[in-house]
Amino acid sequence: KTSSAKILDNDVFWPKVEKLINILEPISIWIKTLESETSNLSDVVCAFHQIEKKIKTSVSVSKDLQRILLCIEKRRKMATEQIHLAAHLLDPRYKGKYLTKEESVDASQFIYSLANYINLHQADVLCDLANYRTNSGLWARDFVWNCLNTKSDNNQMSIITWWNGICSSTNLATVATAILQCPPTSASTERSFSTYGLVHAAKRNRLTTDRASKLVYVKHNLKLQKSNDGEDLEWSEDNNLEINSSENEEDELLEEEEDIDIDPDETESIFQAANNKHK
């Protein structure tokens with residue numbers, strides 16, 4: 001037998017592989033979660049906590065567990081900053097659940113500093129923060145928290161909508177929105193680059209930067225809209241955006257620029273209307 005075959009036939013090999021899978025699986029799941037369109041900056045702190053919790057139940061050897069947890073702690077310190085702590089504190093799903101006392105202070109300090117940066121009265125923001133954390137003032141009312149668990153058409157209210165729609169009367173809402181709308185990873189930006197590459201391809205190398213940016217904007221937001229409607233969008237080999245609905249209807253949305261006659265004024269007005277609706 002070859003050396004590889006001997007390893008595969010070894011009774012010790014596969015149990016070790018299974019242990020390795022148990023260690024890597026929660027990490028893989030959280031990486032995929034944080035790179036999705038629905039993740040929030042506040043989930044980063046939760047991710048490290050859940051990974052650590054899962055590994056503690058998967059690794060039985062104390063020496064191995066200690067080394068693994070040490071590596072995770074080093075990665076956590078490298079990957080999390082005060083803005084992540086502040087996001088975790090301002091996310092009503094967590095309210096700083098996985099923060100230590102020192103981290104809670106750092107999060108509050110960041111919120112205080114950001115309030116000054118965006119020209120808000122810092123004392124008012126801190127007062128709102130205290131009420132938010134102690135369920136006082138506006139946050140003492142049950143409907144404020146109950147609406148987070150209310151689903152409409154299988155869609156749960158997002159935390160950004162919660163701050164802007166329910167808590168918009170507070171100064172803290174402005175700070176919370178500024179923090180929580182930040183993506184947890186650069187994956188969404190990389191997806192935009194990929195989309196731009198499909199739009200401004202070799203067959204469309206005469207597209208201006210402004211026109212290409214508008215097409216990317218429309219394509220990316222149309223994909224989000226159609227995904228909510230249960231439709232799937234994909235690019236064909238000819239770089240034409242296609243919508244595959246449940247009825248298998250295909251509608252080409254992008255064509256070769258040289259094959260279509262586009263009125264620049266009309267294109268600009270359509271883009272502005274879509275942009276205003278998005279806002």
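Modeller: N40 is buried, because its relative accessibility is 13% (buried means under 20% relative accessible area, exposed over 50%, partly exposed in between, with a 1.4 Å probe and protein chains only). This is a predicted model, where local features need pLDDT of at least 70, side-chain atom pairs count only at pLDDT 80 or more, and totals for chains, interfaces and linings use all residues. Residues are numbered from 1 along each chain as its sequence is written, and side-chain values use heavy atoms, with hydrogens and water left out.

N40 sits in the loop between α2 (13-34) and α3 (43-58). Helices here are DSSP runs of H or I with at least four residues, numbered from the N terminus. Leaving aside residues up to four places away in sequence, N40 touches R93, I159, L180 and P184. Contact means heavy atoms within 4.5 Å.

Now to a helix. In α5 (residues 82-90), 7 of the 9 residues are buried, so this helix is largely enclosed by the rest of the structure. The buried ones are H84, L85, A86, A87, H88, L89 and L90. Their cover includes α3, α4 (62-79), α6 (101-117), α7 (122-134), α9 (159-166) and α10 (171-180).

Two other loop asparagines deserve a look. N119 lies between α6 and α7. Its relative accessibility is 71%, so N119 counts as exposed. N119 is not a glycine, yet its phi is positive, at about 60 degrees. N135 lies in the loop between α7 and α8 (142-146). N135 also is not a glycine and has a positive phi, of about 55 degrees. At 38% relative accessibility, N135 is partly exposed.
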